[in-house]
Amino acid sequence: MSILKLSQLTNGCEADFFVLFASREQLLTQAKKPYWRVVFRDETKEIIFPIWENSPWAEPCRNDWQLGRHYKVRASYRETTYGPQLDIKRIRVTCDADVADGFDPEMGMIKSPFPPEDTFREIMDILEQNVAHPGLLRLTQHIFAKYRSEILKSSAAKGNHHASVGGFLEHTRNVLRTTIWLCDQYRTLLPSLDPPLDKGVAAAGAALHDIGKLRELRSCPGGFEYTPEGQLIGHIVLGRDYIRDELATLRETEPDFHLDFESQLRLEHVVLSHQRLPEWGSPKPNMTPEALLVHYADDIDAKFYIMAQILKNTPEDSEFSDTKNSMRLAIFRGVNDSRNTEAR
């Protein structure tokens, strides 16, 4: 039997594959019958599917399968209107001998397609080229250097977007690049803006807007989960704490370090307002041009990533995705009939 990755499974095929048992949740059907909602994951994809109560796998799922363990599975893969489904034939805990067949004991955590070390260096290069204020640049470089190990493996979210090892860096790089592009556009289009748009504040704010995620999220067998700090305080206020704590450190340990009051205030406002709305967790709306640009750079990167993932997981022969996604929309994939052929 062929051993494949989850992302290599095609409709109707039967194969062996290695997975992390990431999640198990007991739910009820509309007829009030219990079933298990199960998540299997490897480093390329995750599949969410039901184990029905009358299935021979219901009892093993309930009593034997252990969250966070790796399993070798033989199953048939089907694409349905309810999403991918697995018909399990065999399942067992992995063993040392499976390494010879491609099993990686560290598999299961979805990883960014961009190597984190490369993305980290790219962010540092962008900041050095675009943050003219020495205090802002030093603060941002200091935070990234001090928390480098956490930053390299952190996620940008629990599940909706860039929820992967290295996802924090991927999302931060994207927001930073878009913010700088927007700054360059509006400094050209509105040269009379008074006070002038502060590109350094915007760039530093883009780099640090999600720094509180380092304490808001932690890895777990299912991927990422909220910490108690994340649940009770949230990454926005935690991010402002990082800035203030590390400013205090720099002012105490580096006599030549200086960051003026207004630059600090504008930077903190970018972080505190980057989600803009109270219902999204933001304590303040965008009240500066720099904060406004970072907000929209952040928002478009998150939403575009989500839409791309929905399209990726929609069968090629479907014109629309289903609406069971975080956008709650049917995303158009393309016309799938004779109207899409070239007119003769």
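**A walk through the model**

A: Let us begin with Ser164, which is found in the loop between helix H4 (148-153) and helix H5 (167-189). Please keep in mind throughout that this is a predicted model.

Q: Okay, and is Ser164 buried or exposed?
A: Ser164 has a relative accessible area of 3%, and because buried means under 20%, Ser164 counts as buried.

Q: Which residues does Ser164 touch, then?
A: Leaving aside residues up to four places away in sequence, Ser164 touches Ile110, Lys111 and Ser112, together with Ser154, Ser155 and Phe224.

Q: Let's zoom out. How many helices and strands does the protein chain have?
A: The secondary structure of the protein chain comes to 11 helices and seven strands. Taken along the principal axes, a box of roughly 70 × 60 × 40 Å is filled by the C-alpha atoms of the chain.

Q: And what share of the residues counts as buried?
A: The protein chain has 344 residues, of which 46% count as buried. As for contacts with a separation of 6 or more, 57% of them are accounted for by residues 24 or more positions apart.

Q: Can you tell me about H9, say how many residues helix H9 has?
A: Helix H9 covers residues 235-253, which is 19 residues, and from its first C-alpha to its last it reaches 26 Å, close to the 27 Å expected at 1.5 Å a residue.

Q: Which residues of H9 are buried, and what do they pack against?
A: The buried residues of H9 are His235, Ile236, Leu238, Gly239, Tyr242, Ile243, Glu246, Leu247 and Leu250. They pack against several helices, among them H3 (134-146), H6 (199-208) and H10 (261-273).

Q: You mention H6 and H10; at what angle do those two pack?
A: H6 and H10 pack at an angle of about 40°, and their axes lie 9 Å apart. That angle makes H6 oblique to H10. The contact is made on the H6 side by Val201, Ala204, Gly205 and Leu208, and on the H10 side by Ser263, Arg266, Leu267, Val270 and Val271.

Q: What is the handedness of the crossing between H6 and H10?
A: It is a right-handed crossing, in which H6 passes H10.

Q: Changing topic, what is the count of disulfides?
A: The count comes to zero disulfides, going by the rule of a pair of cysteine sulfur atoms within 2.5 Å.

Q: Are Cys61 and Cys183 buried or exposed?
A: Cys61 counts as buried because its relative accessibility is 0%, and Cys183 is also buried, with a relative accessible area of 0%.

Technical notes. Residues are numbered from 1 along each chain as its sequence is written. This is a predicted model: local features need pLDDT of at least 70, side-chain atom pairs count only at pLDDT 80 or more; totals for chains, interfaces and linings use all residues. Side-chain values use heavy atoms; hydrogens and water are left out. Buried means under 20% relative accessible area, exposed over 50%, partly exposed in between (1.4 Å probe, protein chains only). Helices (H or I, at least four residues) and strands (E, at least two) are DSSP runs, numbered from the N terminus. The expected span of a helix is 1.5 Å times one less than its number of residues. Contact means heavy atoms within 4.5 Å. Axes are lines fitted to C-alpha atoms, for helices over the stretch in contact, and angles run from 0 to 180 degrees between N-to-C directions. Angles under 35 degrees count as roughly parallel, over 145 as roughly antiparallel, 65 to 115 as roughly perpendicular and the rest as oblique. A crossing is left-handed if the near helix is turned anticlockwise from the far one by less than a right angle, and right-handed if clockwise.
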